Protein chains: 2
Amino acid sequence: MNLQSLQAALRHTLPEGRILTDEPALSAFGQDWSAFAAPRPAAVALPQSVEELRSLVAFARRHRVGLVPSGGRTGLSGGAVAAAGEIVVSLRDLNRVLELDPVSRTLRVEAGAVTRAVQEAAAGAGLYYPVEFAASGSSQIGGNVATNAGGLQVIRYGPTRDWVAGLKVVTGCGEVLDLNRGLVKNASGYDLRHLFVGSEGTLGLIAEVTLRLTAPPGPRRALLLAVDELASLPELLGRFREALVLNAFEFFCDAALGAVVEARGLARPFAGAAPWYALVDFDLGAANAGDAAGLEGEAMAVALGIAGRAVAAGLAADAVVAQDDADTRRLWRLREGISEAIASRHPYKNDLSVTVSRLPGFLAELERVIRAGYPDLEVVWFGHLGDGNLHLNVLRPPGISAIAFRERCEAVNDAVFAVVDRFEGSVSAEHGVGLFKKKYLHHSRSAAEIAAMRGIKAVFDPDGILNPGKLIDPL
Amino acid sequence: MNLQSLQAALRHTLPEGRILTDEPALSAFGQDWSAFAAPRPAAVALPQSVEELRSLVAFARRHRVGLVPSGGRTGLSGGAVAAAGEIVVSLRDLNRVLELDPVSRTLRVEAGAVTRAVQEAAAGAGLYYPVEFAASGSSQIGGNVATNAGGLQVIRYGPTRDWVAGLKVVTGCGEVLDLNRGLVKNASGYDLRHLFVGSEGTLGLIAEVTLRLTAPPGPRRALLLAVDELASLPELLGRFREALVLNAFEFFCDAALGAVVEARGLARPFAGAAPWYALVDFDLGAANAGDAAGLEGEAMAVALGIAGRAVAAGLAADAVVAQDDADTRRLWRLREGISEAIASRHPYKNDLSVTVSRLPGFLAELERVIRAGYPDLEVVWFGHLGDGNLHLNVLRPPGISAIAFRERCEAVNDAVFAVVDRFEGSVSAEHGVGLFKKKYLHHSRSAAEIAAMRGIKAVFDPDGILNPGKLIDPL
């Protein structure tokens, strides 16, 4: 069947106006933030109901065409790229907030609901949805679930997985599974819900999500440390985490700070420069369970004490402490702006993780490997140190093609991933595998695990229509 | 192959002394607390390493004999029963504490480690493993993981699933999978770890578990409310949860209280009797995030205020508040002793759950159905109300056989599970499915879900050797 016939047949599948085939739509919806491959979908579908999702699955099976589920397309691993004539299934118009249950503290939304809208719906009921990242204004909850999105507050609240109380999905067989239905306790067989969290659209189309909510945290403050040695960062993390309830413990290098300051026209936080910075965000109201600090003043005094002692001991070169909410937001801007500030330099991204206790050795070895592998290239380090998660961005210099640059970076990956292997880490902490990390998956997962994943894929998507080519190859 | 030949062949598989075939061992290891069926295993194996687990899997595949993984055998659904000539694989001797990592806050143990030993190892490092239940002194961590054990503190800390950072399992194919390796963040494909949590030994033998630990909670206090109407309990839960950090919100009926008081020779907590009681356990040190109470005195004052207003409003008939730790432990004894106190009456157990917001309607309908279904039988209600989890125990009267009693109870199940269906609940909140709930699984899981579970079973255990007959039937 040629493209025109396929598009015509597809138009009969959904109500009028829900299939787009114009060039701007194909380009926009066929791509994510990774810009990994040139978009070339056959069409874009904008379903508005579970039934319409089922129709699309039936259509795809009949015509043996792939479906690429598509949320806010903020992914960085090419998981939402449609470059091979697939149908993009955008959840954009399946985005209602369905039910807020204040007693069970859950929120049921359609998959296309934007993260920010979810956070606002929770706040409207005096509750809190704690998964937060720079892309919260664009990313959709279905995409967050499909990639088990992490972000800025994992150290306190865990990733998206921990907040999914129920999922409604349409499998590659066209079955609608209503998984766990919001229950707190449910020991009735395999928890398929957790299989879909992080499955990157390869097992089913997520239609609805029931999210757990929690009580809002107390007021927060941030402080920023200037640090001379990478090796000091894990020690600083330990000291702050011991005594305070941390909302985040982030780090970045001076090149990251420079890029943000320049891109946004901000003032530098310190008179001088340091190679590394740590952003510590702590709860002013909550004491760390088991210790005595419980009042706003006390948590602040504890934080100031730790910072002061760290500077005195030479672990940190300098510290600035936010005095109020506005100060805190200003410090956060230095961290949150990094990805956007370096985007114009087309960074090659690695997203690595190890356990927190292995960070010192891991960072030291990695620094050596990076210096040797990229002596001539600018490398921007930042990430969620409190979760053992490091974002490594190599900036593309002018005058080198995208393809040549990627090949140059991938040539260093063997050495990078050898370090990840040695420290039993992950080749993808939170970005997912998609197209981009597929060939490196074996560093994090054994052959037996990958074989099991392929077997599971065959159970839910026997025809291989769901996000073909992403994550793993079918059996 | 006859039984003697099988036993002889099995003795060649493990080192001397690790295979038991004497009658007392077969009886003891072939049974769990459910006493669901007469034990009749072919042998008991006591492996001491992952390699020995693999040898047992290879043996089982070669001889087409079932393996029944066996922990502390405290299960209540027959999940560890070996009644059909299987080999019991007891993890009893694979029970070392392997590694406590204070920086990552994880504890790696072998599957046979007893829950209490895990809690003590955590406490030894100033940390806390929060999954706690009456059987903590007997249950093993591998069994907890295999059933996603819940228990007494789920309202604050969640079930076992939330504390599993890594799992080492041997599948029915004999493959060793080292899943997630303790990482906080790992977006590298399907999270098989969560598939094994709650799989009741049907997908693999759990060899090692890496558990997350946390900071110890602050000091606690309990209070006990006497309550006239079942319908008042959810409202009371809401009032306490709103203002305090609850460690537990438990409830029980007067028959439960009577049984414990009699069995243990305790004093009744109130001068009179009430039909229902609620045990509220709250953190004295931690304020509920977002509110002002932060000190010991304040949390206590808040709790007293809520209890006083509840009594004044007629929601509770009376209240006793623990004044110190000893008082708190005394109140807890009234709740923790229930299962043991009624065990001699051979209760028929249902273990139901719904979302917390659905409790009022669910309890009302269930009460009606129970009264109609068991007009002549003593029914003991208790459970973890804060999690929407109700344990319903029908006591066996003297003079009726076990089989006749079970049939009598099962005749009422249709009406009970019709209520569960209507409120979208679970037929097993935390006991698991095992043998006992298998025929009711379809009330909680759709035909498509059960088909998917069978497909997954075939991926990990193609020969159907792992805990045959439990949970689901193979493809």
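Modeller: What follows takes the contact between the chains, then the fold, then one residue.

Modeller: This is a predicted model, in which local features need pLDDT of at least 70, side-chain atom pairs count only at pLDDT 80 or more, and totals for chains, interfaces and linings use all residues. Residues are numbered from 1 along each chain as its sequence is written, chains are lettered from A and ligands numbered from 1 in the order in which they are written, and side-chain values use heavy atoms, with hydrogens and water left out.

Biologist: How many residues does the contact take from chain B and from chain A?

Modeller: Contact means heavy atoms within 4.5 Å. By that rule chain B gives 77 residues and chain A gives 76 residues.

Biologist: What is the area buried between chain B and chain A?

Modeller: Buried area is the accessible area (1.4 Å probe) that two parts lose on being put together, summed over both. Here that comes to about 5,900 Å², with 57% from carbon and sulfur atoms. In chain B, the residues that lose the most area to chain A are B:Arg181, B:Lys185 and B:Tyr190, together 17% of what that side buries.

Biologist: What makes A:Lys185 and B:Glu430 a salt bridge?

Modeller: The rule asks for a side-chain nitrogen of Lys or Arg within 4 Å of a carboxyl oxygen of Asp or Glu. The closest N and O atoms of A:Lys185 and B:Glu430 are 3.1 Å apart, so the pair qualifies. Between chain B and chain A the count is six salt bridges.

Biologist: Which helices and strands of chain B each supply at least two residues of the side that touches chain A?

Modeller: Helices (H or I, at least four residues) and strands (E, at least two) are DSSP runs, numbered from the N terminus. Among them here are helix H6 (154-157), strand E8 (176-179) and helix H15 (447-460) of chain B. H15(B) gives the most, with nine residues.

Biologist: Why speak of a two-fold axis?

Modeller: Copies are superposed by least squares on the C-alpha atoms of residues with pLDDT of at least 70 in both. A rotation of 180 degrees with 0.0 Å of shift along its axis puts chain B on chain A, RMSD 0.0 Å. That is the relation of a two-fold axis. The same surface serves both copies, as 99% of the contact residues of chain B recur in chain A.

Biologist: Where is B:Arg73?

Modeller: B:Arg73 is in the loop between strand E3 (67-70) and strand E4 (87-90) of chain B. Not counting residues up to four places away in sequence, B:Arg73 touches B:Ala28, B:Phe29, B:Gln31, B:Asp32 and B:Trp33. A polar atom of its side chain lies 3.1 Å from the backbone oxygen of B:Ala28.

Definitions and conventions
Polar contact = N/O pair within 3.5 Å; in protein donor to acceptor, adjacent residues only side chain to side chain.
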